[in-house]
Amino acid sequence: EKVLIGQQLEIALTISNTGSGKATNVEIWEDVPAGLSHPEGPQLKQNIGTLMPGEVRNDSLFLKAEQPGVIENTIRLIGDDGLTTEETISVEVIAPKLEVALEGPSRRFLERQANYQLNVANAGTASATNVEISVQLSRGFTFVSTDFEGQYDPNRHAVFWSLAQLPAGA
């Protein structure tokens, strides 16, 4: 039902002939919807041949999640004598979405401390992992202190933070 953006989505297929006669020249057709991709392109076709009455086959289709959102994916079976059926599934591609804002005074006096606040948020639908944050200090600023385990690097005149995880909505 859910897949993380950039990950592989496996769609398990169960193909069966519930009729009393042979289903011949059966093909699986897939028009890969926007937001998903396949290495062989946007239109896929696989010939599975003849299905005998009562026969069941299992297969898998692997697609890559490319864009966040709810995606409708339809798979069709087509065979001889006008035989056709289709099944549609909904898949939600989830993704982190980082937002950052820096707040502080637009003017300050020389030799006086000024406080700046960095706000980092995940407005996406999935947790962001291994988040690296850096703030490059302007020339003329002297670093005093930071919180939340920030590290100042005097060689680069920047402050760095690392977050193992930033949950969706945090």
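Strands here are DSSP runs of E, at least two residues long, numbered from the N terminus. One of them, β7, holds N73.

## About the model

This is a predicted model: local features need pLDDT of at least 70, side-chain atom pairs count only at pLDDT 80 or more, and totals for chains, interfaces and linings use all residues. Residues are numbered from 1 along each chain as its sequence is written, and side-chain values use heavy atoms, leaving out hydrogens and water.

## The cores

A nonpolar core is a set of buried Ala, Val, Leu, Ile, Met, Phe, Trp, Tyr and Cys residues joined through side-chain atoms within 4.5 Å. Buried means under 20% relative accessible area, exposed over 50%, and partly exposed in between (1.4 Å probe, protein chains only). The largest core has 21 residues. I11, L13, I15, I28, L36 and L61 touch the most other members. Strands β2, β3, β5, β6, β7 and β8 each supply at least two core residues. The largest share, four residues, comes from β2. Another core lies apart, with eight residues, including V131 and W161.

In general, nonpolar side chains in soluble globular proteins tend to be buried together.

## Strand β2

Side chains alternate along β2. L9, I11, L13 and I15 point to one face and are buried.

β2 pairs with β6 in the antiparallel sense, over nine bridges. Two strands count as paired if DSSP finds at least two bridges between them. L13 has D59 of β6 as its bridge partner.

## N73, a buried residue

N73 has 0% relative accessibility, so N73 counts as buried. Its side chain makes a polar contact of 3.4 Å with the side chain of E30. A polar contact is a pair of N or O atoms within 3.5 Å; within protein, one must be able to donate a hydrogen and the other to accept it, and residues adjacent in sequence count only if both atoms are side-chain atoms.

Beyond its neighbours within four places in sequence, N73 is in contact (heavy atoms within 4.5 Å) with residues including I11, L36 and L63.

## Salt bridges

The whole structure has four salt bridges. Each is a side-chain nitrogen of Lys or Arg within 4 Å of a carboxyl oxygen of Asp or Glu. E92 and K2 form one at 4.0 Å, N to O. E92 is in β8 and K2 in β1, 90 residues apart. K2 is exposed, at 60% relative accessibility.

D31 and R76 form another, at 3.3 Å. D31 lies in β3 and R76 in β7, so the pair ties together parts 45 residues apart in sequence.
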